[in-house]
Amino acid sequence: MAETSTTSTTARLWHPVARYGDMVRLWVRAELSYPASFAMLVVGSMLINALDFAGIAIMFSSIDSLGGFGLREIALLYGATGVGIGIADTLIGSVERIGEFIRTGRLDQMLTKPVPLLVQVCSDRFTLRRLGRITQASVVMAWALPIVDWTPSRVLVAVLMVLSSSALFFGLFVLFSCVQFWTSDASEFANAFTYGGNTLTQYPLTVFPRELAIALTVVLPIAFVNWYPCLYLLGRSDPFGFPEGLQFCSPLAAAVVVAAALLVWRTGVRRYTSTGS
Amino acid sequence: MLHVAVASRAFRRYSTYRAATVAGVFTNSVFGVIYSFAYLALWRANPDAGGYDAVDAVTFVWLGQALLMTVALWGGGATDDLAERIRTGDVAIDLYRPVDLVGWYLASDLGRAAYHFLIRGLAPTVVGLLLFDIALPDSPVAALGFVLSIPLAVVVSFAIRFLVASTAFWLLDASGPRILTGALAIFFSGMSLPLVLFPGWLGTLAEALPFSAMIQVPNDIWLGRHTGIDLVGALAFQAGWAVVLLLACRFVLALATRKLVVQGG
């Protein structure tokens, strides 16, 4: 990449990514200097997630299908949303702590540095232990993959689903963390949408009322994280009778949410005035 | 009374973060709604799974959201202060104060729990009552039993968190054990799924572990699944674990203190 990028435009686009990489390397080196603690945190993170899916699997000792979906179909939904939030959380999870940066005055320091603010906030205290979630979700998803009757177009939709789901969660993390520009100690508010969105999409949308399904499609498009593309992968018609075309709209929904998030982020940063401390 | 003073200061400390409280209540409510619909679907597929009916199941969800912060299921509370003071070495100052360390932190944690029960507990329950069909306590005795079981649940949770924080005496950083224990607590307390749905030996194991004293037991008392002598037994189960774990805290602290002295504080 670097050897061909001589024009200033490419350099400008590449700059944030390169700085992000620099900071991530620093944090990873710091983290690995405590190997025992690191190992325990990775195991802990995997255990949390493994027990999370165990909860759903145990449900199936009392039932055969939940909302009309079997355990393996739910594993597909679970894996897709888990990988998505896992990637987003690994790359930019620190954005949740924006309120802390405001309170401690670190945001002021960051604003003086020649690296985009969002890059600095997102790479702060980058940690590899979040890989635990991605690994566990990938295993669950891999277990579900054989139930899909694979065709080239389904492979494409599956790849786009994982990318869009990561981008959607990226957008949700940034969008709802921005609330902290206004009330700096309300970090938990974002959890309702990020981790809440993750929990919600672990279940088939059919367990929720129709009104909620509509809201999750057109108001806050969380259903595009996995529900619509999974319907396509599983070859199922939409249980709510919504247009089949929605099954291909995940990238579009992701683009809209990311654009909205970046817009709100800019607004938040613009109206930010230092705490003065 | 010293311990009452400590507890009431802890209560006031937590009550200062208003926006955080509102955000937390909102988040608890969102999770309550998600789990309610998921459980309703489960009990539609099997109307008497685990011996609960659909109303019991939804009640269980909202009681769980109400107790989540009260019993600090994920960790947190006074024991986080302790872990930090062990890491920095400030705990040495705590140890030469003429006050019992376990009692001091327990009082502080009970104050925190009282705040979380009144605010983070009650508010989502009201939301749940407005949105779903929730069962009220089965009888006045069940209501009384529930009220008695909450402080016991907090003490059990405190003792586990105290032990986890104490690992910092040896590991310096207690965040690994904290996360591991949090994961076990979520799973084995009934928070991620009522323990009545756990099959066979897994169910037996889950009900015997102290984590069940934190969510499952209080919820079952509310739902009227423990009556008469069985209710006394349920409370005794919680109290038994509370005593055993508090003794373990004492023991670990004595070990740690000796180690601390050897190193010269």
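Two residues are in contact when heavy atoms of each lie within 4.5 Å. By this rule, 37 residues of chain A touch 38 residues of chain B in the predicted model. The size of an interface is often given as the accessible area lost when the parts come together. Here the area buried between chain A and chain B is about 3,000 Å². Carbon and sulfur atoms give 79% of that area. Three residues of chain A stand out: A:Met40, A:Ile58 and A:Glu188 supply 18% of the area that chain A buries against chain B, more than any other three residues.

A:Glu188 also takes part in a salt bridge, with B:Arg120 as its partner. The closest N and O atoms of this pair are 3.2 Å apart. Across the interface of chain A and chain B, one salt bridge is found.

Helix packing is also seen at the interface. Two packed helices are described by the angle between their axes and the distance between the axes. Helix H9 of chain A (residues 188–200) packs on helix H2 of chain B (residues 18–45). The angle is about 15°, and the axes are 8 Å apart. Angles under 35 degrees count as roughly parallel, so H9(A) is roughly parallel to H2(B). The crossing of H9(A) past H2(B) is right-handed. On the side of H9(A), the contact is made by A:Glu188, A:Phe189, A:Asn191, A:Ala192, A:Phe193, A:Tyr195, A:Gly196, A:Thr199 and A:Leu200. They meet B:Ala20, B:Ala23, B:Gly24, B:Phe26, B:Thr27, B:Val30, B:Phe31, B:Ile34 and B:Tyr35 in H2(B). By class, this contact of H9(A) with H2(B) holds 12 nonpolar, five polar and one charged residues.

Within chain A, H9(A) packs against helix H8 (residues 152–177). The angle between H8(A) and H9(A) is about 165°, with the axes 8 Å apart. That value makes H8(A) roughly antiparallel to H9(A). H8(A) passes H9(A) in a right-handed crossing. From H8(A), the residues A:Phe169, A:Leu172, A:Phe173, A:Phe176 and A:Ser177 take part. Their partners in H9(A) include A:Phe189, A:Phe193 and A:Tyr195. The residues of this contact of H8(A) with H9(A) divide into eight nonpolar, four polar and no charged.

A further helix pair in chain A joins H3 (residues 71–92) and H11 (residues 227–234). Their axes come within 10 Å and cross at roughly 135°. This makes H3(A) oblique to H11(A). The crossing of H3(A) past H11(A) is right-handed. The contact of H3(A) with H11(A) has six nonpolar, no polar and one charged residues.

Over all chains, the whole structure holds 18 salt bridges. One of them pairs A:Arg97 with A:Asp124, the closest N and O atoms being 2.8 Å apart. A:Arg97 lies in the loop between H3 and helix H4 (98–104) of chain A. A:Asp124 lies in the loop between helix H6 (117–123) and helix H7 (131–144) of chain A, so the pair ties together parts that are 27 residues apart in sequence.

Terms used: Residues numbered from 1 in each chain as written. Chains lettered and ligands numbered in written order. Predicted model: local features only at pLDDT ≥ 70, side-chain atom pairs only at ≥ 80, totals over all residues. Heavy atoms only, no water. Axes fitted to C-alpha atoms, helices over the stretch in contact; angles between N-to-C directions. Helix = DSSP H or I, 4+ residues; strand = E, 2+ residues; numbered from the N terminus. Parallel < 35°, antiparallel > 145°, perpendicular 65-115°, else oblique. Left-handed = near helix turned anticlockwise from the far one by under 90°. Nonpolar A, V, L, I, M, F, W, Y, C, P; charged D, E, K, R; others polar. Buried area = accessible area lost by both parts, 1.4 Å probe. Salt bridge = Lys/Arg side-chain N within 4 Å of Asp/Glu carboxyl O.
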